[in-house]
Amino acid sequence: MTSVSPVPNVTLSDGNTVPQLGFGVWQVPDDESFTAVTSALSIGYRSIDTAAIYGNEAGTGRAIASSGIARDELFVTTKLWNGTAQPWTRDAVFFEFEASLNRLGLDYLDLYLIHWPRAMREDYLAIWRAFAELRADGRVKSIGVSNFQPAQLTRIIDETGVVPVINQVEVHPDFAQPELRAFHAEHGIVTEAWSPLGQGRGLLDDPVLGRIAEKHQRSTAQVVLRWHLQVGNVVIPKSVTPYRIRQNIEVFDFELDADDLAAIAGLDTGNRLGPNPDEFDMG
């Protein structure tokens, strides 16, 4: 593959960089992930986001291996599924990490995330300490979290001294999370948006977005992705449709103006599509 990526990098607090727009494979079956990731890599995506619970690390890894792209040009993220009832010891974390690494067929990860805080169990502290050890060993370049709230972020920072480089959370114009994003900015944590297009549940039919899209002669999805980029989010849209995979990365040759950004800010209802991290326990 020879496509040059048009995506700019964001510098993380540990000095590493992440492409600001990547490719997510949530809800993509393993046998389809190979084709989807291969398509994404062929047109310039260099950041791939998966997770143990997605069940598609193997297909994702096969696509990476067959791409012909040098490993140091890629940014691969996966997540620890901490939903089992087991006590999360260092050894348990290391076991799950090695299992993910083997399925992906990689020697190291660029980013490893705790998938959910499971706030009521409070075992994320033990997991985070093990993550810090994985980073120190060089098996992971950067470590972060997903779906953490300010209280949990504050606790791991205060008790371990290790700040997550990224918090991957639900963010889209209908649920913009301005307070959480401000907390991230204050602590040098990058906001990474999952479900950045609102899961296809009506956001892209919004007439405000439609008017902005018409103004710029773009799709509403491109307008939403451009909004993410301009407010500083890292974003990982998912699709298995080749023309949408291509369309989602073609967002670096136009810019939303102040009126557009103000109109989109007015869409925030504060309503989640996914679970509330303070209440969600997976196992």
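The model is a predicted one, where local features need pLDDT of at least 70, side-chain atom pairs count only at pLDDT 80 or more, and totals for chains, interfaces and linings use all residues. Residues are numbered from 1 along each chain as its sequence is written, and side-chain values use heavy atoms, with hydrogens and water left out.

A word on the terms: helices (H or I, at least four residues) and strands (E, at least two) are DSSP runs, numbered from the N terminus, and two strands pair if DSSP finds at least two bridges between them.

Now step through the sheet. Strand 5 (residues 75–80) pairs with strand 6 (residues 109–114) in the parallel sense, over 4 bridges. Look at leucine 80 and you'll find its bridge partner in strand 6, isoleucine 114. Moving on, strand 6 and strand 7 are joined in the parallel sense by 5 bridges, and here isoleucine 114 stands opposite valine 145 of strand 7. To get from strand 6 to strand 7, the chain passes through helix 4 (residues 124–136), and this β-α-β crossover is right-handed (with the strands pointing away from the viewer, the path from the first strand over the helix to the second runs clockwise).

Strand 7 (residues 140–146) is mostly covered, with 6 of its 7 residues buried; buried means under 20% relative accessible area, exposed means over 50%, and partly exposed is in between, using a 1.4 Å probe and protein chains only. Strand 7 also runs parallel to strand 8, joined to it by 2 bridges. Valine 145 turns up again here, standing opposite asparagine 167 in strand 8. The chain goes from strand 7 through helix 5 (residues 150–160) to strand 8, in another β-α-β crossover that is right-handed.

Back to helix 4 for a moment. Its 13 residues should span 18 Å at 1.5 Å a residue, and its end C-alpha atoms are 18 Å apart, so the two agree; the expected span is 1.5 Å times one less than the number of residues. The buried residues of helix 4 are Tyr124, Leu125, Ile127, Trp128, Ala130, Phe131, Ala132 and Leu134. What covers them includes strand 5, helix 3 (90–104), strand 6, strand 7 and helix 5. After helix 4 comes glycine 138, with a positive phi near 85°.

Helix 1 (residues 30–42) also has 13 residues, and it reaches 19 Å from its first C-alpha to its last, close to the 18 Å expected. Buried in this helix are Ser33, Ala36, Val37, Ser39, Ala40 and Leu41, and they pack against strand 3, strand 4 (47–49), helix 2 and helix 9 (242–249). Glycine 44 follows helix 1, and its phi is positive, near 120°.

Next, zoom in on threonine 60, in helix 2 (residues 57–66). Is threonine 60 buried or exposed? Threonine 60 is buried, because its relative accessible area is 0%. Not counting residues up to four places away in sequence, threonine 60 touches Val25, Asp30, Ser33, Val37, Ile48, Thr50 and Leu104; contact means heavy atoms within 4.5 Å. A polar atom of its side chain also lies 2.8 Å from the backbone oxygen of asparagine 56.

Histidine 228, in helix 8 (residues 220–231), is buried too, with a relative accessible area of 0%. Leaving aside neighbours within four places in sequence, histidine 228 is in contact with Gln20, Val171, His172, Ala193, Pro196, Asn233 and Val235.

Finally, visit two loops. Glutamine 177 lies between strand 8 (166–170) and helix 6 (178–187), and its phi is near 50°, a positive value in a residue other than glycine. At 10% relative accessibility, glutamine 177 counts as buried. Serine 195, in the loop between strand 9 (190–194) and helix 7 (207–216), has a positive phi of about 50° although it is not a glycine. Serine 195 is buried as well, with a relative accessible area of 10%.

Definitions and conventions. A polar contact is a pair of N or O atoms within 3.5 Å; within protein, one must be able to donate a hydrogen and the other to accept it, and residues adjacent in sequence count only if both atoms are side-chain atoms.
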